[in-house]
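This report goes through a few local features of one structure. Please have the sequence and the model open while you read.

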Amino acid sequence: MKNQKKKSFFRRAFLCLLAVLLAVCVAFGVYVSDYYLADPAAEDAMVSDRFVSVTKQNGNWVFAPESPTAGLIFYPGGKVENTAYAPLLHDLAEDGILCVLVKMPCNLAVLDRNAADSIPERFSEVTDWYIGGHSLGGAMAAWMNLQ
């Protein structure tokens with residue numbers, strides 16, 4: 001009888017733990033699915049023109065001028081669609097800065113703060129690199145530089 005109660009307790013504890021874990025997963029899914037979307041101006045900036053070539057490479061958006069003078073890796077803010085920053089990066093690319101807009105998992109830079117690690121080696125023509133971001137993305141970019 002005592003052994004039966006012990007098994008029943010562990011089974012209930014396991015089921016409670018499983019229920020809590022499931023609730024946390026559902027809550028996280030709901031949380032990350034509600035994010036700020038890019039506006040039509042951002043969609044217009046995602047198109048190549050005679051000054052800037054816009055391409056998608058390895059999930060990231062690259063805004064490339066003809067002859068880049070420097071490079072910028074940009075981490076988007078938390079719960080913000082990364083393409084919302086396209087007008088800013090398109091303008092910077094027009095001024096000669098190669099810009100890489102990083103795609104973050106679940107629109108949260110904290111989930112991949114080292115996303116920029118392999119980017120500079122893919123663009124050997126750029127020798128001077130900078131990293132920055134907005135809000136949570138800026139904090140994760142700064143954290144990366146401290147390591």
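## Asn-107 and its contacts

Apart from neighbours within four places in sequence, Asn-107 is in contact with Tyr-35, Gly-77, Gly-78, Lys-79, Val-80, Glu-81 and Asn-82; contact means heavy atoms within 4.5 Å. Asn-107 lies in the loop between S4 and H4. Helices (H or I, at least four residues) and strands (E, at least two) are DSSP runs, numbered from the N terminus. In sequence, Asn-107 and Lys-79 are 28 residues apart, while their C-alpha atoms are 4.9 Å apart in space. Asn-107 counts as buried, at 9% relative accessibility. Buried means under 20% relative accessible area, exposed over 50%, and partly exposed in between (1.4 Å probe, protein chains only).

The model is predicted: local features need pLDDT of at least 70, side-chain atom pairs count only at pLDDT 80 or more, and totals for chains, interfaces and linings use all residues. Residues are numbered from 1 along each chain as its sequence is written, and side-chain values use heavy atoms, with hydrogens and water left out.

Lys-79 is in the loop between strand S3 (70-75) and helix H3 (86-94). Its relative accessibility is 14%, so Lys-79 counts as buried. The charged end of Lys-79 sits over the ring of Tyr-31, 3.9 Å from the ring centre. For this description, NZ of Lys or CZ of Arg must be within 6 Å of the ring centre and within 35 degrees of the ring normal.

Most residues other than glycine have a negative phi. Lys-79 is not a glycine, yet it has a positive phi of about 60°. Cys-106 also has a positive phi of about 60° without being a glycine. Cys-106 is found in the loop between S4 and H4 and, at 37% relative accessibility, is partly exposed.

Which loop holds Ala-109? Ala-109 is in the loop between strand S4 (97-101) and helix H4 (119-122). Ala-109 has a relative accessible area of 1% and is therefore buried. Not counting residues up to four places away in sequence, Ala-109 touches Tyr-75, Pro-76, Met-104, Leu-136, Gly-137 and Met-140. Ala-109 and Ser-135 are 26 residues apart in sequence and 9.7 Å apart from C-alpha to C-alpha.

Thr-83 belongs to the loop between S3 and H3. Thr-83 is buried, at 12% relative accessibility. With residues up to four places away left out, Thr-83 touches Ala-38, Ala-42, Met-46, Trp-61 and Leu-101.

## Aromatic pairs

How many aromatic pairs does a search of the whole structure find? The search finds 3 aromatic pairs. The ring centres of Phe-9 and Phe-10 are 5.5 Å apart and the planes are at 65°, so this pair is edge-to-face. Rings of Phe, Tyr and Trp (its six-membered ring) pair if their centres lie within 6.5 Å; planes under 30 degrees apart count as stacked, over 60 as edge-to-face and the rest as tilted. Phe-9 and Phe-10 are both exposed.

Phe-123 and Trp-129 form a tilted pair, with 6.2 Å from centre to centre and 50° between the planes. Phe-123 is buried, with a relative accessible area of 6%, whereas Trp-129 is partly exposed, with 21%.
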